[in-house]
Amino acid sequence: MFRLVFFCFLVLGWCPFLGGQSPAYRKLDYSNGLPTNVVYDILQDSRGYMWIGHEKGLSRYDGVNFKTWFNKNQKSKAVSNLQEDINGQIWCQSFTGQVMHTLGDELVLEEFLSGPGNYIPFQLQAGRYFITVRDGYCLKYDIRDKKIVGQFNWETSFIASNMLIDGEDIYGLAMPATQLIRIRKGKAEHLCSVPVSMGSPYGLLKFNDKILMFSKSGTKKIGIYQEGKGLEIRDFGSGAFMQSAEILDGQLYVSTAEGVYTYNQNLEPLQNGEPFFKEASISNSVKDREGSLWFTTLNQGIYFLPNLNVSLIRNENYSFTALTPYAKNSSILIGTRDNYIWEYLEESHYFWKIKQLSDPHAVVTIFDDKSNDRLLIGSDKLYGLQDEKITFTDQLAVKDIEYVEDGVYFMALGNGLFLYNASKDGKIPESVQKIIHRKIEWRSSLFQLSEGIVRARCVGYDTKNRILYGSGADGTFVYSSSYNGPLKYNGKPVFASDIYIQNGEAYIATFEGDLLVVFNNKVLRKVNLPANLKDLSIVKLTMVEDELWVLYENFILKANLEKGEYDIYSASDGLPKAEIRDFCITGRNVYLATSDGLAAFPRKLASKNKTLPLLQIDVVYVNGQRAASQKDNNEFGTAENNVEIHYNVLSYKGASEIKIFYKINNGNWRQAESQNRILYLASLSPGSYKVYLKAQNEDGVESKGELSYAFTIAYPFWQRWWFILLLILLLGALTYVYMRWRIADLHRKSELKQSKYFLEKELQSSMLASLKVQMNPHFIFNAMNTIQSYIFLNDRENASQYLNQFSELMRMILDMSAREKVSLYEELKSLKLYLQLEHMRFEESLKFEVHVDPGIVPDMIQIPPMLIQPYVENAIKHGLFNKKGNKKIVVSFNLKDNILIATVEDDGIGRKKAAELQAQRPRTHESFATRANQKRLELLNQGRSKIIGVEFVDKVDSDGNALGTKVILNIPL
């Protein structure tokens with residue numbers, strides 16, 4: 001077949017293992033933040049930042065964001081010639097010759113060092129001395145001490161081209177004619193003359209022990225000066241306009257308007273003399289601290305190459321979805337999202353389209369049936385392809401295919417697991433029928449193995465033990481001569497994403513991220529994968545020699561299970577930042593089908609990134625305002641308690657895979673949000689804080705030491721030690737004064753209260769004693785009258801009896817009057833003596849009764865003395881004294897609710913009649929008993945919650961006539 005006419009010839013630049021392929025790169029351009037796609041120069045500073053000179057000024061790149069510097073007095077925005085001085089400041093030069101350098105967030109213009117309006121490049125020697133050409137002289141200026149320290153000339157003048165700095169030596173080109181001059185120890189010396197054939201102007205570069213001289217005019221010549229050997233002129237390059245040259249990894253990189261050419265140490269061309277990025281105008285190149293290459297362009301931004309050993313065949317029109325090695329042609333078959341089949345030859349790097357199968361649909365799987373010399377392709381339907389011709393199609397949505405034998409295939413279809421008969425005679429070997437324990441009778445080309453299995457995903461066939469493995473939405477199923485049924489692990493179904501058979505064992509990858517090793521229908525073991533891959537879904541797996549390769553969505557794992565060694569290849573190792581749909585391994589190389597194209601890298605590619613990630617604090621904001629200082633030990637006000645620490649992680653290979661951890665003071669480490677790169681500390685309490693940051697790259701390598709930022713939030717004045725001390729002293733003084741006053745006040749009040757208490761007590765005792773003293777003479781007066789009457793009547797017996805009883809009563813009264821309380825027994829005894837004396841005085845016309853409730857124990861009850869007698873006396877004096885005939889008085893005692901109820905009841909004339917008679921008599925004196933008793937009760941009731949109460953009841957008949965009086969006393973006990 002005439003393939004050379006029809007092949008898609010992506011014959012690209014050669015790299016160490018893929019001949020003509022182009023290295024995989026990522027692009028930084030206007031679409032992702034670069035201010036312009038026209039870039040002139042690039043530099044990585046000592047802190048790890050990438051500085052970019054472009055047509056709109058000077059920008060700094062931290063892996064996520066671009067920050068641009070510009071001086072308002074620039075005559076031209078475009079800058080190049082980036083260099084770093086000993087203070088970490090970046091120097092640059094505009095195309096009008098203005099020299100500038102960074103100072104914090106400013107770009108400072110150095111008028112004295114700027115050129116006379118045209119571009120004359122300068123060099124920095126040892127980061128301190130500014131070297132340039134002025135008026136034909138080589139000028140050396142100390143940028144620290146701000147003075148000229150050297151001015152050198154040569155016969156006519158130096159040429160205003162690039163000067164070359166090599167340690168203490170300065171190399172330049174001078175006139176007359178063209179001569180290579182070296183300035184050493186303050187003296188200029190001639191090294192060699194340069195022939196006119198070299199062209200002009202020149203660029204100088206030190207390569208090993210050689211001084212290289214380039215012509216930018218495209219003469220294909222290079223001058224090589226080596227001390228002791230003189231000058232050698234060689235044919236060199238493609239003739240393209242040279243824009244810069246750099247030594248990277250011991251190789252010479254020459255940037256031209258037609259790509260980058262590379263040369264070894266003997267200046268022999270690499271890549272078969274073909275450039276990288278031939279379609280781009282490359283302005284400069286640099287290698288960063290992680291080994292990645294950066295190429296600036298004049299039309300397409302920046303190309304970033306994490307790894308030169310990873311190549312990518314790009315195809316803007318096709319997205320690759322399936323791969324398989326093709327043994328027949330020692331090539332790789334590639335399926336696309338649009339139902340195309342391509343073939344790629346590794347040796348010749350030819351890449352061409354074999355066939356478009358049908359309507360646009362993604363190719364899911366390609367199966368190389370070596371036994372029948374044909375290809376089976378699963379896409380919108382099943383295709384049979386032989387000699388680039390479609391030999392058959394079948395309306396089957398095939399996801400995976402395995403060949404069994406004699407034209408029989410095991411397939412995972414959208415509606416289940418099936419055996420597919422592609423043989424012409426339709427016969428099925430008995431060995432296949434034994435696997436599923438029944439005879440297969442074909443009604444069509446398909447036979448479903450189990451009912452109810454839907455959305456089958458993958459299949460595998462163990463030819464050694466004759467076992468079929470298939471997986472669907474209901475789990476994984478095993479079909480063998482001894483068992484047909486589901487596979488379970490820890491009692492649960494196994495949901496396989498891929499199945500690979502090796503030496504009679506089935507390796508089953510699951511959507512949960514597990515990798516199980518199965519023999520027959522039993523899980524032998526679970527493969528130990530790295531902990532950081534836990535729960536990540538596995539897409540596909542395969543084994544090559546002693547290596548297990550496991551594909552995930554955007555990276556691939558290589559594992560040596562016996563040695564327990566693991567390598568992870570991801571974007572940080574140069575893989576495209578795109579979804580990986582399939583992979584295959586042929587010989588020394590690994591191929592990946594991605595949406596960006598066909599990626600490839602060597603099986604033995606080193607994947608460990610041992611470069612320590614760098615952390616830098618960029619800026620700190622407090623309450624939304626930039627902090628005056630970005631250094632440690634800052635002091636913020638009380639209300640300045642919302643702190644934002646903006647930091648940068650200067651690791652460009654795996655920026656998206658870097659993990660950031662932080663802790664505050666002596667707290668625990670916590671993982672920060674890696675992409676945000678801002679640590680928010682909101683509503684902080686007053687106090688001292690020290691925030692620690694550390695980074696960990698994709699391979700677990702941590703940044704050196706810990707980056708820290710310390711600050712203090714001031715306490716409000718009322719929480720500061722001096723205020724608290726002052727407040728304590730003040731409160732102590734006030735408390736002392738108050739306590740002294742309070743104690744004195746309490747002492748005074750206590751004394752007053754105690755004095756009052758004693759006075760009141762003495763008053764009460766005095767008044768009670770006075771009342772008793774007054775009452776006793778009154779009673780004595782009445783008694784004496786009675787005795788006198790007996791004497792007048794010459795009634796000696798009654799007088800003697802009365803006098804005995806009277807004397808006994810007087811002794812009791814005198815005894816009780818000295819006591820606050822007496823027993824009810826003593827009160828009753830005195831009361832009965834009194835009534836007996838009154839009974840004798842009334843010549844027995846007075847009858848009396850004293851009743852005590854049986855439930856009362858008189859000895860156990862204490863009451864004020866002589867409390868009942870005054871009411872008895874009042875009843876006799878006013879109620880019974882004026883009554884004709886018999887008189888009666890009844891005194892009774894009852895107990896209810898701990899209250900002693902004393903009742904004095906007479907059958908006298910009543911209170912109303914007594915009051916009338918009293919009113920008719922002259923008012924010589926007021927009733928002493930009534931007043932005395934009332935006053936006594938007031939005194940006794942003072943300070944008591946339950947008081948002694950008195951109730952008077954007038955007894956009357958139905959006609960309202962008085963029948964006497966009842967007095968009721970309630971005495972709380």
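I began with strand E50 (residues 515-519), which pairs with E51 in the antiparallel sense over four bridges. For pairing I used DSSP, with at least two bridges between two strands. Strands here are DSSP runs of E of at least two residues, numbered from the N terminus. The model is predicted; I took local features only at pLDDT of at least 70 and side-chain atom pairs only at pLDDT 80 or more, while totals for chains, interfaces and linings use all residues. Residues are numbered from 1 along each chain as its sequence is written, and side-chain values use heavy atoms, with hydrogens and water left out.

The whole sheet is open, has four strands in the order E48-E49-E50-E51, and pairs antiparallel. Strands E48 (496-502) and E51 (522-526) are the edges; each has a single partner strand, so one side of each lacks a neighbour in the sheet. Neighbouring strands are turned by 30° against each other on average, direction ignored. The axes are lines fitted to C-alpha atoms, and angles run from 0 to 180 degrees between N-to-C directions.

**Cysteines**

I searched the whole structure for disulfides and found zero. Cys138 is in none; the nearest cysteine sulfur belongs to Cys192, 17 Å away. My cut-off was a pair of cysteine sulfur atoms within 2.5 Å.

Buried means under 20% relative accessible area, exposed over 50%, and partly exposed in between (1.4 Å probe, protein chains only). Cys138 is buried at 0%, and Cys458 is buried at 1%.

**Rings**

I count 38 aromatic pairs in the structure. Trp342 and Phe351 are stacked, at 5.1 Å centre to centre with 20° between the planes. Trp342 is buried at 0% relative accessibility, and Phe351 is buried at 0% too. Phe717 and Trp718 make an edge-to-face pair, at 5.2 Å centre to centre and 85° between the planes. Phe717 is partly exposed at 44%; Trp718 is partly exposed at 49%. My rule pairs rings of Phe, Tyr and Trp (its six-membered ring) with centres within 6.5 Å; planes under 30 degrees apart are stacked, over 60 edge-to-face, the rest tilted.

Ring pairs also link Tyr25, Tyr253, Phe276, Phe277, Phe295 and Tyr303 into a cluster.

Next came charges over rings, with NZ of Lys or CZ of Arg within 6 Å of the ring centre and within 35 degrees of the ring normal. Lys663 lies over the face of Tyr692, 5.3 Å from the ring centre. Lys694 lies over the face of Trp669, 4.4 Å from the ring centre.

**Loops**

Ser76 sits in the loop between strand E5 (66-69) and strand E6 (79-84). Ser76 is buried, at 16%.

Met175 and Pro176 are joined by a cis peptide bond, with omega about 10°. Pro176 is in the loop between E16 (169-175) and E17 (179-184).

Asp387 is in the loop between E36 (382-386) and E37 (389-394), and it is exposed at 57%. Phi of Ser683 is also positive, near 55°. I found Ser683 in the loop between E65 (678-681) and E66 (687-696), exposed at 57%. Most residues other than glycine have a negative phi, and most peptide bonds are trans.
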